[in-house]
Amino acid sequence: MDTGGNSLSSAAPDGVKRKVCYFYDPEVGNYYYGQGHPMKPHRIRMTHALLAHYGLLQHMQVLKPFPARDRDLCRFHADDYVSFLRSITPETQQDQLRQLKRFNVGEDCPVFDGLYSFCQTYAGGSVGGAVKLNHNLCDIAVNWAGGLHHAKKCEASGFCYVNDIVLAILELLKVHERVLYVDIDIHHGDGVEEAFYTTDRVMTVSFHKFGDYFPGTGDVRDIGYSKGKYYSLNVPLDDGIDDESYHFLFKPLIGKVMEVFKPGAVILQCGADSLSGDRLGCFNLSIKGHAECVKFMRSFNVPLLLLGGGGYTIRNVARCWCYETGVALGIEVDDKMPQHEYYEYFGPDYTLHVAPSNMENKNSHQVLEEIRCKLLDNLSKLQHAPSVQFQERVPDTELPEAEEEQNEADERWDPDSDMDVDEERYLLFYQKTGEVFIDYFMSAVY
């Protein structure tokens, strides 16, 4: 098996390797939103195949996520919404038209076979990654199935049903006084921003297309409210932004955020619809330009959770997230793609990288400079990182205990899976940590 390249010494100033945990469920690629729908979970399986054939899996702890349970999801979502997601099926949806409308399910967010299991899987990976980071069991956790940033407390939105990011942030807040969320999807990270709009313990930073574009939010003037004032940063961009223009904003803004906010942990949502040539997108980032955001966040050596998100030209999504996994590991992968089961998707060049287009960059330097100055000025109004007095530690996330006398672990993983996992240690870790996800009280955050 080709190891895919040499050490990526430029991935961090100190050149230190990071311990990476990677969450993947072999079933995730089987979920299907329906004919013609742009969201295709199959891209997660394609990404995994590239990681396997580039030899990257052997450098990570590969884990199958525990599915999130009802009460785990209800740490953020409304009970009746979660109950609806659990019960709705393609066969019964015609009998629940009022509920479908109430919860915004049916068009962009269709009902499909296994919908609730899909939500449990991708949310379980993101919360599981947060738990690993909280226990210092890795430096970087990766869940490419996660990052569904549009879901709201009581409704689905933008192909997203459960907001795994909010759940992961709540988990991180049990240990860390401050958590930073950064979103490089082309769409505004509205669901996450809304959830934490009035707190100073979570800062949200979103780089997105703005102006007659879904979801329509994310104006530069939206800065947070009450205790959360100036803790929401929105970076509105226009069509055709390229690597140079993007990092003219990203690096100084994120550098300043890290300096003044001093987060204990970071979540980076790596939506790949900001890449050049995306089926729904209109930006012009290269894979290396997109991955530069991962490299930059990695360089701060703060616990980091990498999540997926949008991305609708699925061959490029797989390319991007494979390369960014290499960046997380500190391994430069070869441009020449190894033979694998989805090789034909990547013709005619069969390379990892694709050239950006010659589309016009509608982001003038003057406008970018104005945005940069405005947001840096907002950040200057944060005098110091907020401190939190912990009254009582919120219980750790716990998952279902297996019978000690029975080897139930074998039933939790597909025996035909190609995952190189330390399954027993993973199971024991969760057995020892106790109960189940996010026993969370709003007073612990606000």
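Predicted model: local features only at pLDDT ≥ 70, side-chain atom pairs only at ≥ 80, totals over all residues.
In general, strands of a sheet pair through backbone hydrogen bonds, in either a parallel or an antiparallel manner. The pairing of strand 5 (residues 202-209) with strand 6 is parallel and comprises six bridges. Within this part of the sheet, His 208 stands opposite Pro 236 of strand 6.

An unreviewed UniProt entry places the feature "binding site" at Asp 185, His 187 and Asp 273. These residues span 89 residues in sequence, yet no two of their C-alpha atoms are more than 8.2 Å apart, so they gather at one spot. Asp 185 is located in the loop between strand 4 (179-183) and helix 7 (190-195). With a relative accessible area of 1%, Asp 185 counts as buried, because the cut-off for a buried residue is under 20%. When neighbours within four places in sequence are left aside, the residues in contact with Asp 185 include His 149, Phe 207, His 208, Gln 269 and Asp 273.

Asp 273 occupies the loop between strand 7 (265-269) and helix 9 (287-298). Asp 273 is also buried, with a relative accessible area of 0%. Residues up to four places away in sequence not being counted, Asp 273 touches Asp 185, Ile 186 and His 187, among others. Further contacts of Asp 273 include Asp 278, Gly 281 and Tyr 312. The side chain of Asp 273 reaches the backbone nitrogen of Ile 186 at 3.0 Å.

In helix 3 (residues 79-87), the buried residues are Tyr 81, Val 82, Phe 84 and Leu 85. These residues cover an arc of only 155° around the axis, and they therefore lie on the same side of helix 3. The elements that cover them include helix 2 (70-73), helix 4 (97-102) and helix 5 (115-134).

In the loop between strand 5 and strand 6, where Pro 215 is found, a cis peptide bond joins Phe 214 and Pro 215, with omega at about 0°. Asp 212 is found in the loop between strand 5 and strand 6 as well. Asp 212 has a positive phi of about 55°, although it is not a glycine. This residue is exposed, with a relative accessible area of 85%. Another cis peptide bond joins Gly 347 and Pro 348, with omega at about 5°. Pro 348 lies in the loop between helix 10 (314-329) and helix 11. Lys 262, in the loop between helix 8 (243-261) and strand 7, likewise has a positive phi, of about 50°, without being a glycine. Lys 262 is partly exposed, with a relative accessible area of 49%.

Terms used. Residues numbered from 1 in each chain as written. Heavy atoms only, no water. Pairing = 2+ DSSP bridges. Helix = DSSP H or I, 4+ residues; strand = E, 2+ residues; numbered from the N terminus. UniProt positions renumbered as here; feature names shortened; annotations may be inferred. Buried < 20%, exposed > 50% of the residue type's maximum accessible area, 1.4 Å probe, protein only. Contact = heavy atoms within 4.5 Å. Polar contact = N/O pair within 3.5 Å; in protein donor to acceptor, adjacent residues only side chain to side chain. Arc of directions from axis to C-beta.
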